[in-house]
Amino acid sequence: MHYKGLSSKEAVESRQQYGSNVIPDSEPTTFWAEFKETFKDPMIRILLAIATLMIVMFLFGYADIYEPVGTIVAVLIVAFVSAKTGVASDTKYRALKDSTKKDQCKVYRDNLITVIDVDDVVVGDKVLLQSGDKIPADGILVDGVIKVDNSALNGEAEECHKTAADASVKLADEITGDTFVDAHSLFRGAVLFDGEGVMDVQKVGLSTMMGKMAEEMQEEEPDSPLKVKLSHLANLISKFGYIGAIVIAVMYFGFFVWSAGGIEPYLATGVTEIIKDVVEAVSLAVVIIVCAVPEGLPLMISLVLMQNTSKMLDHNVLVRKAEGIETAGSLNILFSDKTGTITKGSLEVVEFFTADGVSVSLEELPKHEKIKELVDLAIGKNTQSMFDAQGRVIGGNATDQAMMKFMGQDVFHKMENGCEITRSQGFNSANKFSQAYLAAYQKTFYKGAPERLLAVSQKCLNLQGEEQDIQADVLNAKIDALANKSMRVLAFGYSNQDMTENTINADTTIIGFAGIRDDVRPEAREAIAEVQNAGIQVVMITGDRLETAVAIAKDANLLHSDDEIALTSAQLNEMSDEEVKAIIPRIRVIARALPTDKSRMVRLCQEMNLVVGMTGDGVNDSPALKRADVGFAMGSGTEAAKEAGKIVILDDNFKSIKDAIWYGRTIYHNILKFCKFQLVINVAAVVVSALAPFFGLHEPLKVTHLLFVNLVMDGLGAIMLGNEPAKERYMSEKPRRRDESIISKPMLTQIVIMGIWLTALSFVFLKLPFFDQFFQTEEQKFSAYFVLFIWSALFNGFNVRDEGFSIFKGLNENTGFMKVFIIIILVQAVIVNAGLIPAEVFTWIGNMFSCVPIPMVSWGVVAILAVTMIPIDLIRKMIAHQK
């Protein structure tokens with residue numbers, strides 16, 4: 001039937017009335033937007049508040065400018081690195097996306113068939129659909145008979161038969177899982193398997209099913225688990241710092257009163273002296289707050305995420321959003337699409353067997369030459385598929401294409417140049433078989449449903465190609481066993497007579513049978529097992545029927561016991577949120593799932609404080625990919641899925657997902673190592689600064705010393721510990737809850753004990769007369785203490801590398817550790833000995849850090865004291881392991 005189609009004017013009016021077919025893309029990430037996002041981090045805000053307070057004190061002459069300026073510089077570096085990482089990741093993704101051509105379609109316009117961009121389709125257009133075309137909008141088939149692949153929408157690669165409806169039929173307003181597979185409805189994103197037809201466009205753009213999914217993707221994303229944990233840590237540290245600062249300031253002021261002999265004698269000292277003491281107490285409080293807040297932590301996290309984002313590309317993992325890689329390591333539950341993720345995404349022959357029930361592996365089949373030759377003829381002469389010049393299978397339906405791949409390209413070309421088909425009859429739904437007579441062989445070859453061939457056949461071939469009687473009971477048991485595995489079984493046979501239209505000859509001999517299905521990826525089984533061993537619950541959520549889903553889940557080792565649950569979307573929707581939450585730990589399969597089911601499951605798990613991952617490749621997966629804490633989009637998937645995911649798996653390989661989880665856990669462990677490294681320094685600095693005045697020590701740690709600790713040590717510490725190697729044992733640890741504190745009890749114990757030891761070491765060094773013999777002046781001793789404090793922290797860096805005793809193991813895998821260790825020692829040596837270099841800039845550096853050159857012997861004394869950090873922590877670990 002020919003259609004006149006809309007006129008150009010009518011197309012414009014339709015667009016004005018019903019809207020455009022454009023589904024708006026997300027805005028590209030800009031440097032400025034990412035830069036501003038950094039300042040929402042609570043840790044950054046605390047740093048800026050401290051910097052502001054110190055600037056005010058500087059303006060009144062009560063503080064140096066070094067610390068606030070240094071802190072602001074650190075914040076700007078963090079913002080710059082974070083923005084650069086975000087833009088780089090987004091740019092890589094955009095480049096991947098821009099490399100694909102815009103979709104086009106064929107429509108009737110102005111009485112002609114015209115090729116236009118999909119974006120230009122309007123309501124009322126009549127779209128000509130042919131095999132291989134992608135459907136450009138939602139509508140109803142009004143002409144022709146076609147088969148479509150809805151896998152991009154419902155995740156299933158099954159063929160959906162569509163027939164023409166009356167022109168008055170309207171697309172349903174409420175779309176369910178069954179609407180995708182009804183007789184007439186067509187949806188944007190689906191692809192034609194076979195046939196030709198005309199679609200009446202009834203919904204475009206954001207009104208389409210795909211458009212609604214795109215709108216759902218615009219919802220606010222949940223905070224990453226790392227951000228939640230760091231916010232919690234920032235709150236704890238700020239409370240500790242502020243409360244501690246106030247208490248110490250009050251105590252310090254009380255110390256002044258006590259030293260004066262009481263309140264009245266103190267008040268008699270005069271207003272000027274009191275104001276001076278108040279300012280000194282406030283200055284001490286600010287120093288304590290500066291000590292308490294780990295300024296380098298945001299910088300360290302930004303640097304580590306940036307380094308690992310680049311590294312993951314080597315593992316076929318494109319990290320679109322840097323926090324996604326760390327979040328992957330925090331997963332509690334992973335929802336996985338079936339088609340194309342757990343399975344290969346296309347039908348293929350997975351088993352071949354003869355009529356006596358004997359299976360033969362696909363690799364061994366060519367050795368049985370007679371059987372293989374006859375099967376190839378039954379396939380190659382009963383198909384509408386073929387190999388093109390690039391070696392791709394084209395034409396025919398999904399079953400034909402699966403059989404063509406099974407036969408192989410070499411056999412196809414050899415057969416193409418061989419005997420001709422004398423007569424043939426194609427497959428149809430009434431006969432359920434196809435047949436071809438080859439005069440050269442004087443045989444008719446059949447391919448079709450087992451029940452049709454077995455209804456007339458009495459004989460079959462065994463693997464040796466010898467004819468024998470069919471054993472019906474053995475054969476039926478085999479076919480039933482494959483049906484239970486959700487395999488579609490095809491039978492092949494031949495007759496020594498000419499073909500008869502619509503009939504299978506009575507002398508037909510069965511050659512064998514092929515079991516076909518969208519099979520589980522071999523690497524998926526192994527990867528699923530590794531992810532489950534990591535304590536992560538894996539749930540397959542699919543649009544397929546329950547029986548098929550359960551069969552695939554068992555084959556993929558997702559279902560292990562009767563206690564585990566497989567249910568349908570309908571069953572799920574009959575349950576309240578609380579009822580679903582109660583069974584979530586036992587759910588392994590959700591079948592006939594709608595996009596709303598996926599998003600609901602992600603939401604409910606997040607309400608249970610679980611960190612949720614979602615893998616997928618279709619448009620149907622996009623909203624859940626967006627809502628999940630981390631979405632793994634497949635590289636071969638739709639643009640909508642890649643747009644929604646935080647991580648793109650470029651090779652569609654489950655192993656890459658496992659690697660992403662493994663590296664995510666490694667990053668988290670490295671962040672914990674850095675926290676231990678830095679917080680030991682902070683605890684010691686706070687306690688030393690707070691107690692020093694009571695021991696008659698005035699600022700043993702200057703503001704510039706703290707600046708060196710917080711910026712140089714922490715910035716380089718990120719390189720030191722951020723590249724620690726991944727360890728296999730990380731994948732055997734239990735997952736962490738979303739609200740779990742970043743500071744565990746064992747970690748807190750290590751921080752406190754090592755902080756106390758460093759504090760004790762500080763006061764022993766500063767107050768014990770024994771150490772005075774190594775220095776000529778008090779300035780030298782305070783300079784040496786600056787060295788002792790930094791070196792002690794550096795040696796503690798070895799302690800945090802391993803929770804056991806292997807603190808020196810793997811240094812060859814993290815060469816940056818020793819490089820940074822040596823660089824920090826050399827930089828500090830330059831600062832301390834700056835006065836020996838006859839240049840004004842070095843004199844200024846020495847004065848800024850209040851350092852003077854120290855004798856050579858004192859370097860040795862400091863080194864011996866600093867290295868005690870290692871045996872003390874080893875003793876702590878030994879005691880802890882004995883408990």
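**Entry 1: E564 and R588**

I looked up E564 and R588 first, and both are buried (under 20% relative accessible area; exposed is over 50%, partly exposed in between, with a 1.4 Å probe and protein chains only). E564 forms a salt bridge with R588 (a side-chain nitrogen of Lys or Arg within 4 Å of a carboxyl oxygen of Asp or Glu). Their closest N and O atoms are 3.3 Å apart. The pair links distant parts of the chain, 24 residues apart. E564 sits in the loop between α19 (546–555) and β22 (565–568), while R588 is in strand β23 (residues 587–591). I take helices and strands as DSSP runs numbered from the N terminus: H or I of at least four residues for helices, E of at least two for strands.

A note on what I am reading: this is a predicted model, where local features need pLDDT of at least 70 and side-chain atom pairs count only at pLDDT 80 or more, while totals for chains, interfaces and linings use all residues. Residues are numbered from 1 along each chain as its sequence is written, and side-chain values use heavy atoms, with hydrogens and water left out.

**Entry 2: other salt bridges**

I searched the whole structure and found 34 salt bridges. One of them joins D802 and R729, with the closest N and O atoms 3.9 Å apart. D802 lies in the loop between α28 (778–800) and α29 (815–832), and R729 in the loop between α26 (703–722) and α27 (745–767), so this pair ties together parts 73 residues apart in sequence. D802 is buried at 12% relative accessible area. R729 is partly exposed at 34%.

I also noted a network of salt bridges. D577, E578, K581, R600, R603 and E607 are linked in it.

**Entry 3: α13 against α14**

Two packed helices are described by the angle between their axes and the distance between the axes. I looked up both for helix α13 (residues 369–380) and helix α14 (residues 398–407): the axes come within 10 Å and cross at roughly 145 degrees. The axes are lines fitted to C-alpha atoms over the stretch in contact, and angles run from 0 to 180 degrees between N-to-C directions. The crossing of α13 past α14 is left-handed (the near helix is turned anticlockwise from the far one by less than a right angle).

Which residues meet? From α13 they are K372, V375, D376, I379 and G380; from α14 they are M403, M404, F406 and M407. Contact means heavy atoms within 4.5 Å. The residues of this contact divide into six nonpolar, one polar and two charged.

I then checked D376 and K372. They form a salt bridge, the closest N and O atoms being 2.8 Å apart. Why can they pair within one helix? D376 and K372 are four residues apart in α13, so about one helical turn separates them. D376 is buried at 6% relative accessibility, and K372 is buried at 12%.

**Entry 4: nonpolar cores**

The largest nonpolar core has 112 residues (a set of buried Ala, Val, Leu, Ile, Met, Phe, Trp, Tyr and Cys residues joined through side-chain atoms within 4.5 Å). I342, F632, F765 and F789 touch the most other members. Helix α25 (residues 654–691) gives the most to this core, with 19 residues. A second, separate core has 33 residues, including V349, V375, A402 and F492.

I listed the contacts of I342 beyond four places in sequence; among them are V520, A524, I528, M540, I552, L558 and F654.

**Entry 5: I584**

I584 is in the loop between α21 (577–583) and β23. Buried or exposed? I584 is buried, at 2% relative accessibility. Beyond four places in sequence, I584 touches I333, Q537, M601, L604, C605 and M608. I584 and V539 are 45 residues apart in sequence and 9.5 Å apart in space, C-alpha to C-alpha.

**Entry 6: positive phi**

D110 has a phi near 50 degrees, positive in a residue other than glycine. D110 is in the loop between β1 (104–109) and β2 (112–117), and is partly exposed at 39% relative accessibility. K432 is not a glycine either, and its phi is about 65 degrees. K432 is in the loop between β14 (423–425) and β15 (433–438), partly exposed at 38%.

**Entry 7: totals**

I counted 32 helices and 26 strands. Buried residues make up 55% of the 883 residues. Among contacts between residues at least 6 apart in sequence, 73% join residues at least 24 apart.

Terms used: Nonpolar A, V, L, I, M, F, W, Y, C, P; charged D, E, K, R; others polar.
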